[in-house]
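Here's a quick tour of one structure, with the spots that may be worth a look before you set anything up. Have the viewer open and follow along.

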Amino acid sequence: MQATLHDVAPGVFAYTQLPGGWGFSNSGLITSDGESLLVDTLFDRRLTEDMLAAYTRAAPGAARIDVVVNTHGNGDHCYGNVCVGDARIIASEGCVATLRDMPPRKLHALVTLARALRRTGPVGRAVGRLLRTGGLRLPAAFFEAAPLVEELFGRFDFSGLDLVLPQETFREQLSLTVGGKRVELVEVESAHTVGDTMVFVPEDGVVFTGDILFEGAHPIMWEGPAQNWIDAFDVILGRSCDTVVPGHGPITDKKGVARARHYLVTLRDEARKRYDAGLSPDEACADIALDTFADFSEGERLYPNVVALYREFAGTRDVPHAVHLFAGMARHHPRRGDGGRKGR
Ligand SMILES: [Zn+2]
């Protein structure tokens with residue numbers, strides 16, 4: 001992983017962790033007249049402390065962060081809240097609910113369990129098959145998901161990380177000032193997660209998208225619907241905005257946003273055809289080619305994306321347990337490959 005600080009506008013910085021795969025998120029810092037606002041913390045204490053040290057070297061005032069905005073409730077954007085002292089932490093209501101549902105202690109337990117299950121090897125796989133045959137789908141999914149969960153998250157350290165929730169929430173929009181700069185928070189109702197938030201710095205033409213944008217990678221639609229996400233892309237495309245800092249991957253511009261929009265529209269159309277033909281999500285994933293996006297990494301995310309689209313087509317809101325989604329990703333991971341990010 002390559003961590004880099006970028007000077008994107010006067011007093012505005014971004015910090016990328018490339019290539020930006022699972023858990024390696026980006027953040028932003030906005031400073032003006034001695035005040036500072038941090039967009040997102042990172043996945044664990046060490047990563048967040050390294051990031052804060054880099055910001056402090058670039059902008060000494062950042063030694064004390066005044067305000068943190070968490071763009072959404074996934075741990076790779078929030079668990080490092082433990083490192084920001086008494087800063088005001090602001091987020092959407094949906095962000096708080098998501099984070100409360102998966103505190104660091106719970107993810108630590110799941111990764112520890114995954115590590116233990118993975119070590120059971122062929123015996124564990126046989127137990128998994130037995131559980132599935134017996135209709136015990138959730139325990140069976142744990143066995144199936146374990147190797148992937150351990151591979152993706154075993155490299156981070158969640159032990160002893162306390163949950164620090166945002167203390168201030170907002171809905172839809174919130175305008176803040178950081179010294180002399182105006183900062184606008186725009187909530188996307190529900191797309192990647194519930195309560196995704198984009199952070200605009202209008203005078204500098206900069207947006208921090210959170211995980212509304214995964215540059216050069218398949219996005220992951222934990223929630224949907226796709227139309228909300230497409231609408232969020234259109235909000236960015238309709239504004240005066242030259243610098244787009246994604247939640248993961250390299251800094252881009254509107255071209256990156258347009259391509260991600262094209263991906264989502266294409267995938268929705270392709271999934272719809274398979275849904276109408278009666279294919280299961282597994283069958284649809286095996287059938288959908290998406291050759292135009294062959295360079296996108298994290299191809300395993302096609303599975304949860306298809307599951308979310310099928311839910312949308314069926315008009316239901318039943319989000320499956322995340323373990324089932326990781327089991328599905330484990331099934332589709334080896335065949336899809338991931339564009340070269342694996343293991344870095
Ligand atoms: Zn993320």
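Let's start in a loop: Asp33 sits between β3 and β4 (35–39). Keep in mind that this is a predicted model. Asp33 has a positive phi of about 45°, even though this residue isn't a glycine, and with 67% relative accessibility it counts as exposed.

- Glu172 is another non-glycine residue with a positive phi, near 70°.
- You'll find Glu172 in the loop between β7 (168–170) and β8 (173–178), and its 60% relative accessibility makes it exposed.
- Going from Leu18 to Pro19, the peptide bond is cis, with omega near 10°; Pro19 belongs to the loop between β2 (12–18) and β3 (27–32).
- A cis peptide bond also links Gly224 to Pro225, this time with omega near 0°. Pro225 lies in the loop that runs between β11 (206–208) and α6 (226–237).

**The zinc ion**

- Which residues supply the protein donors of the zinc ion? They are Asp76 (OD), His77 (NE2), Asp211 (OD) and His248 (NE2), and they lie 2.1 to 2.3 Å from the ion.
- Along the sequence, the donor residues follow the spacing D-H-x133-D-x36-H.
- Why is the arrangement irregular? The four donor atoms subtend angles of 87 to 159° around the zinc ion, whereas a tetrahedral call needs all angles between 85 and 135 degrees.
- Asp76 is buried, at 8% relative accessible area, and His77 is buried too, at 0%.

**Helix α5**

- α5 covers residues 137–153, which is 17 residues. From its first C-alpha to its last it reaches 23 Å, close to the 24 Å expected at 1.5 Å a residue.
- Still, α5 bends by about 50° at Ala145, and a proline, Pro147, follows within four residues.
- The buried residues of α5 include Ala140, Ala141, Ala145, Leu148, Val149, Leu152 and Phe153. Glu150 is also on that buried list.
- As background, an α-helix has 3.6 residues a turn, so residues three or four places apart point the same way.

**Pockets and cavities**

- The largest pocket has a volume of about 950 Å³. Its lining has 41 residues, and the closest to the centre are Asn74, Met102, Trp222, Ala322 and Phe326.
- Which helices each supply at least two residues of that lining? They are α2 (93–101), α3 (104–118), α5 and α10 (322–336).
- α3 gives the largest share of the lining, with six residues.
- Lining the second largest cavity are residues including Asn26, Ser27, Gly28, Val39, Asp40, Thr71, Phe208 and Thr209, along with Val245, Pro246 and Gly247.

- Asp50 is part of helix α1 (residues 45–58), and it's partly exposed, at 39% relative accessible area.

Technical notes:
Residues are numbered from 1 along each chain as its sequence is written. This is a predicted model: local features need pLDDT of at least 70, side-chain atom pairs count only at pLDDT 80 or more; totals for chains, interfaces and linings use all residues. Side-chain values use heavy atoms; hydrogens and water are left out. The expected span of a helix is 1.5 Å times one less than its number of residues. The bend at a residue is the angle between axes fitted to the seven residues ending there and the seven starting there. Buried means under 20% relative accessible area, exposed over 50%, partly exposed in between (1.4 Å probe, protein chains only). Donors are N, O and S atoms within 2.8 Å of the metal (3.2 Å for Na, K and Ca); water is not among the atoms, so sites may look incomplete. Four donors count as tetrahedral if all angles lie between 85 and 135 degrees; four count as square planar and six as octahedral if opposite donors are over 155 degrees apart and all others between 65 and 115; anything else is irregular. On a 1 Å grid over the protein atoms alone, a cavity is a set of points where a 1.4 Å probe fits but cannot get out, and a pocket is an open set with protein on both sides within 12 Å along at least five of seven lines; lining residues have an atom within 4 Å of a point. Grid points are joined across faces, edges and corners, and a volume is the space filled by probe spheres set on the points.
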